[in-house]
There are 6 protein chains.
Amino acid sequence: DFLNAFQEIIPAFGASTDDLERCRVNGMVECGSRHEHIYQRAMLLVEQVKVSKGSPLITCLLEGPSGSGKTSLAATIGIDSDFPYVKIISAESMIGLSESSKCAKIVKVFEDAYKSQLSIIVLDDIERLIEYVAIGPRFSNIISQTLLVLIKRLPPKGKNMLVIGTTSEVSFLDSVGIRDAFSVTYHVPTLKTEDAKKVLQQLNVFSDDDIDAAAEALNDMPIKKLYMLIEMAAQGEHGGEAEAIYSGKEKIAISHFFDCLQDMIRY
Amino acid sequence: DFLNAFQEIIPAFGASTDDLERCRVNGMVECGSRHEHIYQRAMLLVEQVKVSKGSPLITCLLEGPSGSGKTSLAATIGIDSDFPYVKIISAESMIGLSESSKCAKIVKVFEDAYKSQLSIIVLDDIERLIEYVAIGPRFSNIISQTLLVLIKRLPPKGKNMLVIGTTSEVSFLDSVGIRDAFSVTYHVPTLKTEDAKKVLQQLNVFSDDDIDAAAEALNDMPIKKLYMLIEMAAQGEHGGEAEAIYSGKEKIAISHFFDCLQDMIRY
Amino acid sequence: DFLNAFQEIIPAFGASTDDLERCRVNGMVECGSRHEHIYQRAMLLVEQVKVSKGSPLITCLLEGPSGSGKTSLAATIGIDSDFPYVKIISAESMIGLSESSKCAKIVKVFEDAYKSQLSIIVLDDIERLIEYVAIGPRFSNIISQTLLVLIKRLPPKGKNMLVIGTTSEVSFLDSVGIRDAFSVTYHVPTLKTEDAKKVLQQLNVFSDDDIDAAAEALNDMPIKKLYMLIEMAAQGEHGGEAEAIYSGKEKIAISHFFDCLQDMIRY
Amino acid sequence: DFLNAFQEIIPAFGASTDDLERCRVNGMVECGSRHEHIYQRAMLLVEQVKVSKGSPLITCLLEGPSGSGKTSLAATIGIDSDFPYVKIISAESMIGLSESSKCAKIVKVFEDAYKSQLSIIVLDDIERLIEYVAIGPRFSNIISQTLLVLIKRLPPKGKNMLVIGTTSEVSFLDSVGIRDAFSVTYHVPTLKTEDAKKVLQQLNVFSDDDIDAAAEALNDMPIKKLYMLIEMAAQGEHGGEAEAIYSGKEKIAISHFFDCLQDMIRY
Amino acid sequence: DFLNAFQEIIPAFGASTDDLERCRVNGMVECGSRHEHIYQRAMLLVEQVKVSKGSPLITCLLEGPSGSGKTSLAATIGIDSDFPYVKIISAESMIGLSESSKCAKIVKVFEDAYKSQLSIIVLDDIERLIEYVAIGPRFSNIISQTLLVLIKRLPPKGKNMLVIGTTSEVSFLDSVGIRDAFSVTYHVPTLKTEDAKKVLQQLNVFSDDDIDAAAEALNDMPIKKLYMLIEMAAQGEHGGEAEAIYSGKEKIAISHFFDCLQDMIRY
Amino acid sequence: DFLNAFQEIIPAFGASTDDLERCRVNGMVECGSRHEHIYQRAMLLVEQVKVSKGSPLITCLLEGPSGSGKTSLAATIGIDSDFPYVKIISAESMIGLSESSKCAKIVKVFEDAYKSQLSIIVLDDIERLIEYVAIGPRFSNIISQTLLVLIKRLPPKGKNMLVIGTTSEVSFLDSVGIRDAFSVTYHVPTLKTEDAKKVLQQLNVFSDDDIDAAAEALNDMPIKKLYMLIEMAAQGEHGGEAEAIYSGKEKIAISHFFDCLQDMIRY
Ligand SMILES: Nc1ncnc2c1ncn2[C@@H]1O[C@H](COP(=O)(O)OP(=O)(O)OP(=O)(O)O)[C@@H](O)[C@H]1O
Ligand SMILES: Nc1ncnc2c1ncn2[C@@H]1O[C@H](COP(=O)(O)OP(=O)(O)OP(=O)(O)O)[C@@H](O)[C@H]1O
Ligand SMILES: Nc1ncnc2c1ncn2[C@@H]1O[C@H](COP(=O)(O)OP(=O)(O)OP(=O)(O)O)[C@@H](O)[C@H]1O
Ligand SMILES: Nc1ncnc2c1ncn2[C@@H]1O[C@H](COP(=O)(O)OP(=O)(O)OP(=O)(O)O)[C@@H](O)[C@H]1O
Ligand SMILES: Nc1ncnc2c1ncn2[C@@H]1O[C@H](COP(=O)(O)OP(=O)(O)OP(=O)(O)O)[C@@H](O)[C@H]1O
Ligand SMILES: Nc1ncnc2c1ncn2[C@@H]1O[C@H](COP(=O)(O)OP(=O)(O)OP(=O)(O)O)[C@@H](O)[C@H]1O
Ligand SMILES: [Mg+2]
Ligand SMILES: [Mg+2]
Ligand SMILES: [Mg+2]
Ligand SMILES: [Mg+2]
Ligand SMILES: [Mg+2]
Ligand SMILES: [Mg+2]
């Protein structure tokens, strides 16, 4: 049957540290004070959850443009919390399920978490979880209602929980009342020129002469696209140069870099 | 199956006093004359139900912004009534059920109540019960129709009943005719500066010098958010100060309090 | 199963005189010439049905604001007709049924009535029968179509029938063509000051000095709300006075009456 | 089950002459030249069907305001045709059926007719057959499509057929393309003063002095409402006069007639 | 069951020459150069299909007002092609089937055709196949998608196919992308005065004096309506003249012809 | 059952090189620098996928007007990549399947690909895969959501994948967020006069005198339509000339070519 079709590659539901690691496939580099600030505030919430008596449930939403680093940030907070129960709920692991099966899976993760003294649940790409498309708009009201209740329902006495949501469609979440249901919201931004420069220095693929021009051109780019772009450029105009670039033997030709940039932002 | 997935943690349907207590997780403090007035009026309705001959059914709606204290107020009235049958119907206990199962559960509570001489039913967060989202708008008409009939249907001869509804979406309830179906409606407000000050004095976490500035900043805040905010601030800028604050050894730094406030209302 | 959940309290489908009595829980008082006129005209229709050769089916709609006394009036006509078959079809007895089950129940009542020489069927709160909400608007087209056909379908040869509908949403019924399908329509109004005064005199709960002021304030109120309001006021400001008032020992304090009035019409 | 609920009173599907007779419950009187003209034209179509070689299928739509006499006219044509197969398809005999069952029943009538050398099928109240309501608008597209095909599908070689449709919603039928699918359309009008006078003379319930005033007041009334109104008026102001009126002993009091008229057209 | 209800009269799916003949019930007469031109172009496509190497699939849409002769034209092309496989797919043979059954039937015809070296498929009245109504608009997206794919899917290697579509709703087909999916489109027009005259001469039912006036009045009429009209007129004012007219003994009275014309175009 | 109806001609799901070849039924000719540029850039992505460490998934969208050569281009890239796993997912092979079956088939192809070190998946005509029509608009949200997740889900560790999408409805894909989900997008254009001339020279069916006029007339035509047009013209005015033209014995008559062109663009 349908479910079996992809069962083989999906391990037990929930995210082991491995799964969390896979969420930040390019690792974490320093990319400016605004990302840093969000990380620190979120870690304060982690601590609050640990000691809270009056607020057994704290909820926090990370919103920002596509590719700005939300999922990586959420995964990192989960890893660094050292909580016994950290799970990520993402649409990837629920492809092809019916709306009600998705609800059941989501509820199951919360129920499991309620058994743990301290837990973190990441609701990744909430608009995808609720099957949102802008046209219409359409989305699953059943899943929306389930989330609306779950992110306000208190865990049983004596259990504390942190819920982290991520989204690229904050205005939609607003219009269905999900943004308001979170205690706090942080905006994860694209990179400014200075942030991009910091990242490029760490990657070390441009000559010192080119790095400023490159960083300038990357102003307002999300970090995920930056990584894709650098890798395209590292191929060279005729392919085959990647190894030389990454080993440090050569640098990326700035003109080819601009060509690739244009492919990416043509529209 | 799906239903079993969360059966374990849901006790028999309905609310024991324990469940009602859990609805006011931070207890009840004095928070101004407007909240007080509503409580007194509602208690008069409780008495009317006790003695009424001509109105076997009285219905009352508590509406107000998110977090203004509606559920806690309704739970308190239920507890203080000393009626033999007091139940709260909330979306929490019906997550993932189909619309018709939700109807059946709701009807069941009313049927049970009809067997009692005197009963109170709290319909908590009616917009959530009927699966409302603003976009569309969408909601369950089946559940709406069920509620519309139930809140006008007389209990059998000799039985009297009080129904208390709560909602943050009174204009929506108005547009589906549910608000009109209630006998009376009370507006549960956010806190004014003076109300907030009264609450802060009872919590005793600010120094006398700061309390006025803090209360001023809290003008127009719902009481539920006030509790969340105070707890965040009590962690201190670097975490770990909560115990000292709550034990009275230290006070909340007013500057950190303002930082936290900004996180919460950034939008 | 679901249906069983409320079977216990619903007796055999249809309305015995008991059920009709329960529809006018506060009894019938004189409340002005306009109500009286409708009653007399409707009783003429009752007689027409008795003797008609050419019109085996007569249909009549009572429309008016919520609480204006429509259901009580229809029940009274049914009781006073002395017809062998008088049934009330109301949403109360069909809570939670599917649209098609509701249709079947409604059809069943008509089929039963067709066996009787003379019959009256009350379609109470038609907008509720067809599951109407103003948003959308939404309603059950299946039930609407069934009603549209039933209120125009002739009974078998030799049988005569009167159908009385009630509604608070006459403009909606108009837009789906149901109002036009009725032979005649009567508007059941709210009370004017003089009507209200007449009612208050019969209830005898105000001192002679206050009765005019009270009646003035009640201008344009539906009779059902008037009853609820009087009962609230009869409790007194601090509760416990109801018995003294109703026994005639004391009168309602006019100032408390105005307070209660304000609670009811705050919006 | 549901279907059985009303099987008892529905005889075998289709219309015997009895059923056709029941469609004109008040018989047929002369009501003006415009009705007459339509009858004659339709009888020409009946003859054309009898002799046609090139047009095995002729279709004709009777449209006009509610109660103008469409169904009676169609039934009369069917009766007067003397065709071996004459059936009326009306919503009355399909109450509560699903859309696809309705389709199947309709198709069945056509299939039966195809076996007859000459046949007439009356599609009565087409808007009701396709479950139309103006709001939305909503209707059954499945049934609409079935009708659209059936009224253009040729019978088998050697069989000829006349289809007569009736409707009060010609502009709706136009918008779904059904009106265009008919070969010809005739408008069945309300009565003009002179037509009404002719009818009243035949009924003989007014004194000669009153008949002109009455006819004047009936200008633009559909004939079906005229019958209902006369019967109401014949009851007299206090009931009980009907027999005397119809036996010719007394005449209708013109003032009471105007009262009844007002009840009917109040809106 | 439902399907069986009309199986008797539907032979094996697909169109034998007989079925194609039945599509032009009045035969084919010359009706002007524009119809002629389309016929010739379409026959060129037939030849192209025979010899093509690079275009195994050619598709052609005939669009024009209701009754302009599209189906007859398509059937004639099919008959004259002498291809081994010629089938017409029309809504008539799929009445009452579900959308997915219709899809399956349509796909089946294509699959069958793929087995033939050379094949023609006529998709008759495409708007009816996809259950289109203008209100909404509504239509079957499942069937639309199936057609969109089928009219672009290449037959297996070595097989060539011509698909002819007909429609009276070309602007709708345009808006769902079906018109664009056809290689070429031809517009089948109504008759101009001179075309009508040519047809009337062949029918020989008017006197020479009247034929020009008649043709003039028929300007812009579709040929199918012309046939229906002539037959109505041939009945004569009082019926019974048809035989005399068609045998050539008498001619149609021009005044009666104009009367009939008016019945047809009254709106 | 339905599925079996067309199983015979569908081989195992997925595209062998044969299937890819069948996608470019007229082979590949040079048609200008813009097509060439896209091909080269896409081949660079192929190489990047081969060596990438940080981007296990690269996605690329080819968009352009109907017939501009997108599918042929995608198939060519797949063939030239020499990757062990190259599959094309197209609506053709999923005709008549339910939405969820389509999802399952699509997921299956991805799961299969994940087992391969290097893979290419072509999502052909994405708007057709998601059952899009412009009216409404309507489309399958289930399939859209599945695609949205699949084109962002990373393959398992150590596997690299290239996804190529094609579409003629890029603005629709934009509005459902699918275009944004691709890493890069290339626009496949229609032919300019000079491109058309290059193609005509290769086809060698015009005399040298006519080739410029022909190319001029073909400005802005998609290459697929060019092929269809040339073949129509090659038939000659009276048919039968195709062989002589293609063998080079004769040339296409330019006037007939213009006639055919007009048939094609009449609207
Ligand atoms: N400081 C950082 N913060 C976040 N991401 C980082 C950082 N440093 C490097 N990265 C890399 O940047 C990428 C961020 O992608 P991520 O998937 O987290 O973005 P996203 O906002 O969740 O995207 P989407 O909107 O598509 O869900 C990851 O590959 C991650 O390894
Ligand atoms: N006098 C009071 N009235 C109401 N709540 C109070 C009062 N004093 C303290 N509280 C606390 O304030 C909080 C009010 O939250 P509550 O859930 O009742 O608000 P709500 O209006 O129902 O919120 P929501 O709109 O989210 O349903 C509770 O934690 C309660 O313990
Ligand atoms: N003369 C009267 N006519 C109608 N109702 C009366 C009269 N005298 C007293 N009553 C009382 O007034 C109340 C009228 O309520 P009723 O339910 O009939 O109103 P309604 O218009 O049907 O309300 P709703 O719109 O809620 O259905 C009843 O309690 C009835 O006993
Ligand atoms: N000449 C006549 N033509 C039509 N009806 C007549 C005529 N004479 C008398 N009648 C009576 O008038 C009434 C016409 O009602 P009928 O049901 O035919 O109207 P209708 O237009 O079909 O109404 P509806 O719009 O409700 O379907 C019938 O009772 C019929 O007996
Ligand atoms: N040259 C002709 N071309 C087409 N039809 C002709 C011609 N000569 C005679 N006819 C007759 O005209 C009629 C055309 O009707 P046909 O059903 O083909 O029209 P249509 O455009 O398909 O109508 P519809 O829009 O209702 O599907 C047929 O009865 C056919 O026999
Ligand atoms: N250089 C080329 N690039 C693309 N197609 C070419 C080229 N040379 C010849 N062709 C031919 O042109 C046609 C292009 O059609 P193709 O189906 O690829 O277009 P498409 O854009 O996918 O069309 P659609 O929008 O209908 O899906 C094919 O028959 C192909 O063989
Ligand atoms: Mg993410
Ligand atoms: Mg609450
Ligand atoms: Mg009522
Ligand atoms: Mg009728
Ligand atoms: Mg046709
Ligand atoms: Mg393509």
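**Salt bridge.** I started with one pair across the A–B contact: the side chains of A:Arg41 and B:Asp259 form a salt bridge, with 3.8 Å from N to O. I note that this is a predicted model. I then asked how many salt bridges there are between chain A and chain B. I got a count of 2.

**Polar contacts.** Next I looked up polar contacts between the two chains and found 15 residue pairs, both partners at pLDDT 80 or more.

**Who touches whom.** Which elements of chain A supply at least two residues each to the side that touches chain B? My list reads helix H2 (33-51), strand E1 (57-63), helix H4 (99-114), helix H6 (141-150), helix H7 (170-175) and strand E5 (184-187). H2(A) gives the largest share, 7 residues. Sorting that side of chain A by class, I got 22 nonpolar, 13 polar and 11 charged residues.

**Size.** I put the contact at 46 residues from chain A and 36 residues from chain B. Together the chains bury about 3,500 Å², and 56% of that lies on carbon and sulfur atoms.

**Same or different surfaces?** Only 2% of the interface residues of chain A are also interface residues in chain B, so I wrote down that the copies meet through different surfaces.

Notes
Residues are numbered from 1 along each chain as its sequence is written. Chains are lettered from A and ligands numbered from 1 in the order in which they are written. This is a predicted model: local features need pLDDT of at least 70, side-chain atom pairs count only at pLDDT 80 or more; totals for chains, interfaces and linings use all residues. Side-chain values use heavy atoms; hydrogens and water are left out. Contact means heavy atoms within 4.5 Å. Buried area is the accessible area (1.4 Å probe) that two parts lose on being put together, summed over both. A salt bridge is a side-chain nitrogen of Lys or Arg within 4 Å of a carboxyl oxygen of Asp or Glu. A polar contact is a pair of N or O atoms within 3.5 Å; within protein, one must be able to donate a hydrogen and the other to accept it, and residues adjacent in sequence count only if both atoms are side-chain atoms. Helices (H or I, at least four residues) and strands (E, at least two) are DSSP runs, numbered from the N terminus. Ala, Val, Leu, Ile, Met, Phe, Trp, Tyr, Cys and Pro count as nonpolar, Asp, Glu, Lys and Arg as charged, and the others, Gly among them, as polar.
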